[in-house]
Amino acid sequence: MSLPPTKRSLSNANSNATASSSSSSSPHFHPSMKKAKSQAVACSLDPNKNGLHHHHNQDDNDVVFDPSSMALDDDSKPDDARAPAAANLSRKKATPPQPAKKLVIKLVKAKPTLPTNFEEETWAKLKSAINAIFLKQPDSCDLEKLYQAVNNLCLHKMGGSLYQRIEKECEEHISAALRSLVGQSPDLVVFLSLVEKCWQDLCDQMLMIRGIALYLDRTYVKQTPNVRSLWDMGLQLFRKHLSLASEVEHKTVTGLLRMIESERLGEAVERTLLNHLLKMFTALGIYSESFEKPFLECTSEFYAAEGMKYMQQSDVPDYLKHVEMRLHEEHERCLLYLDALTRKPLIATAERQLLERHIPAILDKGFMMLMDGHRIEDLQRMYSLFSRVNALESLRQALSSYIRRTGQGIVLDEEKDKDMVPSLLEFKASLDSIWEESFSKNEAFCNTIKDAFEHLINLRQNRPAELIAKFLDEKLRAGNKGTSEEELEGTLDKVLVLFRFIQGKDVFEAFYKKDLAKRLLLGKSASIDAEKSMISKLKTECGSQFTNKLEGMFKDIELSKEINESFKQSSQARIKLPSGIEMSVHVLTTGYWPTYPPMDVRLPHELNVYQDIFKEFYLSKYSGRRLMWQNSLGHCVLKADFPKGKKELAVSLFQTVVLMLFNDAQKLSFQDIKDSTGIEDKELRRTLQSLACGKVRVLQKLPKGRDVEDDDSFVFNEGFTAPLYRLKVNAIQMKETVEENTSTTERVFQDRQYQVDAAIVRIMKTRKVLSHTLLITELFQQLKFPIKPADLKKRIESLIDREYLERDKNNPQIYNYLA
Amino acid sequence: MPPRAPKRKSAPPNSLSVTSSDGSSVSSKAKTKGFVRIDRMFDSYANSSLGMIDPDGIEALCSDLGVDCTDVRILMLAWKLKAQRQGYFTQDEWRTGLKELRVDSISKLKKALPELEKEVGKPSNYDSFYSYAFRYCLTEEMQKSVDIESICELLNLVLGAQFRPQVDLLIEYLKVQSDYKVINLDQWINFLRFCQEINFPDLENYDATQAWPLILDNFVDWMREKHSSF
């Protein structure tokens, strides 16, 4: 709309604008509370300002702001009159009414008086209009005139009484309207819609009245303290009479609660009705007191009952799904009809009743099942729900005890020792994926998994460390086909995770070393690259001190190759070596390698010669060294002439020595063999068993049987056949014997004792005097393997016995270092 | 750990004689003078070829005193005399000991025995007597521990009167256990501490995390287990 250049054209513009709107007896206001509440929008009946409201000022040809009609009043109160006019104009951004001012001044002469019944008459007009509005009847008087009437009354300082009169009038109608609701329909939904209607009407009516008395609102109300705007007055009256008609209020609240409950039970309800009524409560300022409180109580009861029932009826995943759905529903409810502020307490109530109270039961009943079933999704749901009610700590504890319990089954069952490491790896992988996908990689949970694993892997001393070493041996040993390098690397990395948890790393080292030695010496290693990669992993994990012996072993092997090369080319070898034999020697540095018990054997002459020549060669190169032959580690390839075909046999040195005897004899007794070979009894039995009772039977035992007895005798197997040309009979060497195992373990323990003794002496040497408890504490800090306090006591007592320490004479809790 | 040579010269088993030094500084001349009766007494029990009282002499002495030769009072007398070697009293030991007891005849010695018993009973003396009893059992050169059987008898003799129930149980335990074949001085001393400090029979103030020797930890475990199995 373009700005009118003059006042006259302004009034024209007004009439033009309003003319288009159609007349209607009940003007339609936007019922929405948001609009009604906001004065700035609803109050502006000013047609120029807000085009939306044009149709409220229907069919008025007389223009309210016509300056000519105002002139009359201007006479008496020129200042007062001009002020609002100016205000109006300025609001319309019209040009300042300078020419009009001159006109006005001229007219100020006579003193017009008000008609005596001016107030009464004006009020009568207004009253009938208000009545008509409340009764929804058409009123004869047009709104424009009414507005003017209010305006006039205000100008004559009758605003106060007008306000009171309007208030009284409104109160009568409102109270009547609310009273009419008492005893209405027993059907709550019907009743609620009646209440809604009543409220809707009131809003419309109050807006209408305020529209008429806008001037009153703008002047009298604004200028007088402690007076409510007409709109607020209407609300206040409604609130007052609603609380007087307590039945109505009560019934409304009950109705609302009932409706929400039936919605929770799955019935469709009229949400707009709920929305409108709750908006009413908010508008009246009684939402939190009259509705929210009982609503939350009701919710609490509802979900308490539901929680109990569902926990009994359904299994945990279903229950969690249900809870999740419920929380979602309540959230929706807040978006749809509840006040936004209710969301927090409502969700909290639902969470408390459905979740918090049932946390232990949920964990008890379902956690293990979900973990066992690897139910990523359900666990994820559990995690996110639990995090809402700060129950993650309980979940974490449940996880910890789950791992411990499940792990215990894996670790402690001695019959399942074979599968322990693969089972643990699998278990760990499963936990890791659950942690990643369900527990959103929570740091605390990660630590819990680690702690629990460390606990369970150390539940049994030593054995897990040993089994991990053996598992690696299996993986790194030749003949492990089907796994690619990458897969092998992956496995090594995973095993390393387990290794990290092990407290007794010395046990691992001992067994790993023993197996590594066999792999290297018997040429059974699958890949030197993989071996080295494993060593470097261990090195990063435990430091070079841990691996330098292992690395030394590799060095020895490489060095031995060179030595063998130069031996072959040496003069000693070319001149003196017996023909028909090829030999290669591994020279092992004592200390790097596991200690092997010396095993005597009477070697065939050729081999003895060979050994001597090598020895001569070696010592000529490296004088001052001592060579000791480790017979138990030797292996040979023999060419065998069986009547049914020639074969090559890969055998151990002991097997070789035994078989060579049969070059000169057909049949030998156990005792004969023992005497001629000089092999230790038990070892000999094992050797004979492998030759005569195993898969490849190059000898025959008489009588037949699995075990070798003293009276048994052996004959060369004339009828030996085999599909392959080259046969391996030395698997026996790779196998670990019971003695080997115990001696490895014992050595570790022996080593530990030395370490404890050394640590005690080290500590006492610096401290001189120390109490028992402090000594024990310090020992636990220094020692890197698990040890019982009783074992420490034993060592302390042994040192007392050997007079490194003494118990203080006055305080038996204190030890003195004896220098 | 392999046994190693003792770190320093092992102290003589009865270092006790050094600690209690009263009366040992009397000049030898004065000694000889006042020792006529004491010496005569000594001679009557001594084995003249050895120049000291030997086990036979002690047996004779016991029968003259009217006490059994396994009586604890004889052990007390040995303690008082600071006898170095089990079953033998040297003349020096005899002289200083009897002088201290102010005794020069068998009847006086008999009367002095209750006094001696009282003296040993004093807390300051008792510890010294108690460890003396252990050392008295070390008969071999370099011997540091005593076999279980002797220890049981010794316990009976030394602690039996005061701590009957503890001693009975301890002896029973020592005989059934198989971890220890000998007892060393440290363990021996701690037996006494145990009897003196630990409430019996509830053992509630026994704390295995303290410096008690392992054998006592085991003993307590054994008692508790035994108790709970009834």
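This report looks at the interface between chain B and chain A, and then at a sheet in chain A.

## About the model

This is a predicted model, in which local features need pLDDT of at least 70 and side-chain atom pairs count only at pLDDT 80 or more, while totals for chains, interfaces and linings use all residues. Residues are numbered from 1 along each chain as its sequence is written, chains are lettered from A in the order in which they are written, and side-chain values use heavy atoms, with hydrogens and water left out.

## Where the chains meet

Let's start with the interface: 20 residues of chain B are in contact with 23 residues of chain A (heavy atoms within 4.5 Å). Together the two chains bury about 1,900 Å², with 44% of it on carbon and sulfur atoms (accessible area, 1.4 Å probe, lost on being put together and summed over both parts).

Three salt bridges cross this interface (a side-chain nitrogen of Lys or Arg within 4 Å of a carboxyl oxygen of Asp or Glu). One of them joins Lys144(B) to Glu803(A), with the closest N and O atoms 3.6 Å apart. On the chain B side, helix 11 (185–197) and helix 12 (214–229) each supply at least two residues (helices are DSSP runs of H or I, at least four residues; strands are runs of E, at least two). Helix 11 of chain B gives the largest share, four residues.

## A sheet in chain A

Over in chain A, three strands form an open antiparallel sheet in the order 7-9-8 (strands pair if DSSP finds at least two bridges between them). Strand 7 (769–771) and strand 8 (805–807) of chain A are the edges. Strand 8 and strand 9 (residues 814–817) of chain A pair over three bridges, and Glu806(A) has Asn816(A) as its bridge partner.
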